[in-house]
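Open the model in your viewer and keep the sequence panel beside it.

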Amino acid sequence: MSRHGSSRSHAVPLLTLYDVPSTSTQPWAPSIWRIRFILNYKRLPYRTKWVEFQNVERTLREIGAPPSSTRSDGRGVYTLPVIVDPTRDAYHPRIISNANTIAEYLETTYPARPVFPEGSRALQNLFVHFVQEALSKPLLPIMVPLSHNALPEMTQDYFRGGNPPHHMLSGPQREQAWHAVKEQFDFLAMILDKNRGDGEGDGVVAMGHEVSYADFALCSVLIWIERMAAHDGWARAVYGRLLTTFCVAIDFFNFTTVF
């Protein structure tokens with residue numbers, strides 16, 4: 001009998017988080033880190049299932065995961081993160097796609113140690129949208145080539161498809177790209193400082209004192225930079241004003257834990 005189906009097993013079912021590997025032993029993908037943060041913060045036992053990019057759609061279709069979004073022609077788009085939750089019904093586990101949908105599901109299903117303080121969901125979703133649009137998008141010309149080079153060789157070959165490797169920015173182009181990123185990070189740091197200025201917050205977390213999903217979205221991007229551009233002098237210059245938030249991620253969110 002399979003070890004998963006043994007009637008003698010009384011082990012507590014684990015949630016499964018589907019993630020994409022790199023050549024490092026540590027996670028790196030920012031959208032997936034958001035969910036890892038929530039699982040760690042809520043102290044939910046889980047395991048990681050590593051799936052290389054070229055196998056994501058096939059794997060998700062095999063487990064019955066819904067598409068994370070839909071193309072204009074109606075075809076589904078299959079991306080990570082995905083979680084599988086067998087804790088309610090091991091034979092019919094819940095399978096959820098899309099980072100924001102997963103976050104809402106985990107908050108509703110496991111309300112202890114909330115990440116959406118009461119009445120904050122709309123503002124937090126706006127904050128997360130800002131992180132995606134204003135912080136992550138300007139980073140793409142810098143971070144995509146760096147991330148590509150950190151992927152397993154077979155995954156790199158899959159993305160290249162026989163084409164030359166992704167072009168790394170250099171010279172004035174690189175400086176211009178980092179300057180654009182730094183402007184957005186400095187703006188966000190100024191906004192977070194307003195929590196300190198009113199005497200009601202610490203200037204570190206978005207809600208003032210309470211840890212929330214917004215903080216996980218931001219710290220996920222900081223981790224992405226740290227993982228892929230740790231030796232780039234621009235990296236620390238860009239998020240230097242948010243370094244305290246990043247240290248909170250290390251110490252409080254337990255970000256080095258990989259189950």
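How many salt bridges does the count come to? The count is 10, a salt bridge being a side-chain nitrogen of Lys or Arg within 4 Å of a carboxyl oxygen of Asp or Glu. This is a predicted model, where local features need pLDDT of at least 70, side-chain atom pairs count only at pLDDT 80 or more, and totals for chains, interfaces and linings use all residues. Residues are numbered from 1 along each chain as its sequence is written, and side-chain values use heavy atoms, with hydrogens and water left out.

Select Glu107 and Lys42, whose side chains form a salt bridge (2.9 Å, N to O). Glu107 is in helix 3 and Lys42 in the loop between helix 1 and strand 2, so the pair ties together parts 65 residues apart in sequence. Helices (H or I, at least four residues) and strands (E, at least two) are DSSP runs, numbered from the N terminus. Both residues are buried (under 20% relative accessible area; exposed is over 50%, partly exposed in between; 1.4 Å probe, protein chains only).

Next, select Glu57 and Arg61, another salt bridge (3.0 Å, N to O). Both lie in helix 2, 4 residues apart, about one turn of the helix. Glu57 is partly exposed at 36%, as is Arg61 at 49%.

Then pick Arg174, Glu175 and Asp232, which a network of salt bridges links. The side chains of Glu175 and Arg174 meet at 3.1 Å, N to O.

Finish at Phe53, in the loop between strand 2 (46-50) and helix 2 (56-63). Phe53 is partly exposed, with 30% relative accessibility.
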